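Biologist: Please put the structure up, and then we can go through it residue by residue.

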Amino acid sequence: MYSCKIIRILESGFYDEISQSIDVCKDTLTKYGYLFTGSVDVDPVMSDLKEAIYAGSRSNDLVIVLGGTGLYKEDIGPEAVLSLVDKRATGIEMAMMRNAVVIDPSLSLYRVAAGTIIESLILCIPGYHTTVMHYLEPVIDVLKSLFDGWRGVVSAKQN
């Protein structure tokens, strides 16, 4: 079982959409065999967000940060993630963005970030409920091989 925590950045004017996004994420995680360990709401304050991300990474395989991905000055999600990660996961970022932009070109106005903190993967994606799946869909199942590798689990495909 793979564990995941969700961090919701509280953005004025988008509270309802991001609330629904938590449910979408939770349902998707369950569908793909992840254990949802809870969600945390964080104001768009860099120090608070970084603290929540780091704390979530200590006890979860995956941390999903919802929101704060636009181009306004208060949109600090990707910056917080990238300031903490040990290794940036550009392939994961590209897979998420490519899938989203092919479905809806207007999503090119948003940003994503992905990277590792020790043996936890952090994803920062836009928090609008109707688009969350566009970002998670191409990577959520593939990530299991990364987590298994960190745990030293050898899959049947590798034997």
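Biologist: Which residues does Phe36 touch, leaving out those up to four places away in sequence?
Modeller: This is a predicted model. Phe36 belongs to strand β2, which covers residues 34–42. Not counting residues up to four places away in sequence, Phe36 touches Cys4, Ile6, Ile22, Lys26 and Leu29.

Biologist: How far apart in space are Phe36 and Cys4, C-alpha to C-alpha?
Modeller: Cys4 is one of the residues that Phe36 touches. Along the sequence, Phe36 and Cys4 are 32 residues apart. In space, their C-alpha separation is 5.1 Å.

Biologist: Is Phe36 buried, partly exposed or exposed?
Modeller: The relative accessible area of Phe36 is 22%. Buried requires under 20%, and exposed requires over 50%. Phe36 is therefore partly exposed.

Biologist: With which residues is Ser39 in contact, leaving aside its neighbours within four places in sequence?
Modeller: Ser39 lies in strand β2. At 37% relative accessibility, Ser39 counts as partly exposed. Leaving aside neighbours within four places in sequence, the contacts of Ser39 are Ile6 and Ile22.

Biologist: What is the C-alpha distance between Ser39 and Lys26?
Modeller: Lys26 is among the residues touched by Phe36. Ser39 and Lys26 are 13 residues apart in sequence. Their C-alpha atoms are 9.5 Å apart.

Biologist: What separates the C-alpha atoms of Ser19 and Asp41?
Modeller: Ser19 is placed in helix α1, residues 15–31, and is partly exposed with a relative accessible area of 22%. Along the chain, Ser19 and Asp41 are 22 residues apart. The C-alpha separation is 9.8 Å.

Biologist: Are helices α2 and α3 parallel, antiparallel, perpendicular or oblique?
Modeller: Helix α2 spans residues 46–59 and helix α3 residues 77–84; their axes come within 10 Å and cross at roughly 55°. Roughly parallel would need an angle under 35 degrees, and roughly perpendicular one of 65 to 115. That makes α2, relative to α3, oblique.

Biologist: How many nonpolar, polar and charged residues are in the contact of α2 with α3?
Modeller: From α2, the contact uses Met46, Leu49, Lys50, Ile53 and Tyr54. From α3, it uses Gly77, Glu79, Ala80, Val81, Ser83 and Leu84. By class, the contact of α2 with α3 has 2 charged, 2 polar and 7 nonpolar residues.

Biologist: Is the ring pair of Tyr2 and Phe147 stacked, tilted or edge-to-face?
Modeller: A search of the whole structure finds 4 aromatic pairs. The ring centres of Tyr2 and Phe147 are 5.9 Å apart, and the planes are at 40°, so the pair is tilted.

Biologist: How many residues apart in sequence are the parts that this pair ties together?
Modeller: Tyr2 lies in strand β1, residues 2–9, and Phe147 in helix α6, residues 143–151. Tyr2 counts as buried at 12% relative accessibility, and Phe147 counts as buried at 1%. Given their places in β1 and α6, the pair ties together parts whose separation in sequence is 145 residues.

Biologist: At what angle are the ring planes of Phe147 and Trp150?
Modeller: Phe147 and Trp150 are 3 residues apart in helix α6, about one helical turn. Trp150 is partly exposed, with a relative accessible area of 23%. The ring centres of Phe147 and Trp150 are 5.9 Å apart, and the pair is tilted because the planes are at 50°.

Biologist: Which residues form the aromatic cluster?
Modeller: Phe147 pairs with Tyr2 and with Trp150. The one aromatic cluster is formed by Tyr2, Tyr34, Phe147 and Trp150.

Biologist: How far is Tyr110 from Gly70 in space, C-alpha to C-alpha?
Modeller: Tyr110 is in the loop between α4 (90–103) and β5 (113–117), partly exposed at a relative accessible area of 39%. Not counting residues up to four places away in sequence, Tyr110 touches Thr69, Gly70, Met97, Pro126 and Tyr135. Tyr110 and Gly70 are 40 residues apart in sequence, and their C-alpha distance is 4.8 Å.

Biologist: What is phi of Ile118?
Modeller: Ile118 is found in the loop between β5 and β6 (120–125). Its relative accessible area of 52% makes Ile118 exposed. Phi of Ile118 is positive in a residue other than glycine, near 50°.

Definitions and conventions:
Residues are numbered from 1 along each chain as its sequence is written. This is a predicted model: local features need pLDDT of at least 70, side-chain atom pairs count only at pLDDT 80 or more; totals for chains, interfaces and linings use all residues. Side-chain values use heavy atoms; hydrogens and water are left out. Axes are lines fitted to C-alpha atoms, for helices over the stretch in contact, and angles run from 0 to 180 degrees between N-to-C directions. Helices (H or I, at least four residues) and strands (E, at least two) are DSSP runs, numbered from the N terminus. Angles under 35 degrees count as roughly parallel, over 145 as roughly antiparallel, 65 to 115 as roughly perpendicular and the rest as oblique. Contact means heavy atoms within 4.5 Å. Ala, Val, Leu, Ile, Met, Phe, Trp, Tyr, Cys and Pro count as nonpolar, Asp, Glu, Lys and Arg as charged, and the others, Gly among them, as polar. Rings of Phe, Tyr and Trp (its six-membered ring) pair if their centres lie within 6.5 Å; planes under 30 degrees apart count as stacked, over 60 as edge-to-face and the rest as tilted. Buried means under 20% relative accessible area, exposed over 50%, partly exposed in between (1.4 Å probe, protein chains only).
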